[in-house]
Amino acid sequence: MPTPLIIDTDPGVDDAVALVLALQSPEVDVRAVTVPFGNVGVEKTFANARRVLALAGRTDIPVAAGAARPLVHLQEEWAPEWHGADGLGGRAAEFPEPIAADPRFAVALMADVLREATEPVTIVSIGPLTNSALLLGAHPDLVPKIGRIVAMAGSLGAGNTRGVAEFNVYADPEAAHRVLNQADVPVTMVPLDITMRCLADGAWISELTAGGPRCAALAGVIALYRLAFNERYGIDAVALHDALAVLEAILPGTLRTTALPIRVACDLGPARGATVADRRPEAQGPPVHVALDADTDAVLAEVLHRLLSFG
């Protein structure tokens, strides 16, 4: 039986790639797509998620808008320089018209999927963790229906936002703290430590471009992201941040994890959004399964293989 998935995403270039990856994987059944603010505002992320599903011809999957802002403090940093003002690398207008919107609030849709499920549901969070935090707080009765949460979140080393924080966590540290510091649902955290080692180079992108018209549309979205990555890091490649989290949800154990208590800095100082692992033997707190190692060549090959089936 395919694993039922809820994908919570803020498209976003790498989100679009990750969403297609899930749709092209028979091991999982995408039951819903929910959308928070994130790379751009929620009105754009919501339309973009529905554009990607339109490109995939998946009008059967409900897509609902969720949190338009963080739980507590306003979002201070967005990512148009990476994802374009439209969130799809300036290519949103080249996609089909978005599929119809589900009228439910994202958390209500998530709750309905959990309520109707007969087996544990995996939630893949590849944007700010606001919707997932709201779900855990508002529907404790449904928490046993969640098999695990796989989140592209955090960094134990260098961050990519304000120095020490990873973007998804920095966008809503309080929500990340709520999800990462609870013992009721297993959490796999896919941090920058591993995603920044999984770089799709020019040859990988060229192969995707040649895979068919829909693959070419997906590769076109990557172009601005590729330029921004080269400008910041001096590498002609892109990091497949969100695709790694989705692949781990599809094929559990793809990423090798270490169980560590994680604390999120929720103060307003320069370390806001930092994710700090407590490595002491006597460390207290619920362990998070932090993905720190993988066969990156095999991961890149597997992601490309699945995307090429998109045509």
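Reader: Is Ala-158 buried or exposed?

Author: Ala-158 has a relative accessibility of 62%. Buried means under 20% relative accessible area, exposed over 50%, and partly exposed in between, with a 1.4 Å probe and protein chains only. Ala-158 therefore counts as exposed.

Reader: What kind of model is this?

Author: Residues are numbered from 1 along each chain as its sequence is written, and side-chain values use heavy atoms, leaving out hydrogens and water. Local features need pLDDT of at least 70, side-chain atom pairs count only at pLDDT 80 or more, and totals for chains, interfaces and linings use all residues, as the model is predicted.

Reader: Which residues does Ala-158 touch, not counting those up to four places away in sequence?

Author: Ala-158 is in the loop between strand E5 (146-152) and helix H6 (167-171); helices (H or I, at least four residues) and strands (E, at least two) are DSSP runs numbered from the N terminus. Its C-alpha atom is 9.4 Å from that of Ala-274, 116 residues apart along the chain. Contact means heavy atoms within 4.5 Å. With residues up to four places away left out, Ala-158 touches Gly-163 and Leu-192.

Reader: How many disulfides are there?

Author: A disulfide is counted as a pair of cysteine sulfur atoms within 2.5 Å. The sulfur of Cys-198 has its closest cysteine sulfur, that of Cys-215, 17 Å away, so this pair is too far apart for a bond. Cys-198 is buried at 1% relative accessibility, and Cys-215 is buried at 0%. The number of disulfides is 0.

Reader: Which residues does Thr-296 touch, again beyond four places in sequence?

Author: Thr-296 belongs to helix H12 (residues 296-308). With a relative accessibility of 17%, Thr-296 counts as buried. Leaving out residues up to four places away in sequence, Thr-296 touches Ile-194, Arg-197 and Cys-198.

Reader: What is the area of the nonpolar surface patch that includes Leu-134?

Author: Leu-134 lies in helix H5 (residues 130-138) and is partly exposed at 31%. Patch residues have over 30% relative accessible area and no salt bridge, and nonpolar side chains (Val, Leu, Ile, Met, Phe, Trp, Tyr) are joined within 5 Å, like charges within 9 Å; a salt bridge is a side-chain nitrogen of Lys or Arg within 4 Å of a carboxyl oxygen of Asp or Glu. Leu-71, Val-72, Phe-105 and Leu-134 make the patch, with an area of about 310 Å².

Reader: Is the peptide bond from Pro-11 to Gly-12 cis or trans?

Author: Gly-12 is in the loop between strand E1 (3-8) and helix H1 (13-23). Most peptide bonds are trans. With omega near -10 degrees, the bond from Pro-11 to Gly-12 is cis.

Technical notes: Areas by Shrake-Rupley, 256 points an atom, 1.4 Å probe, with all protein chains shown as cover.
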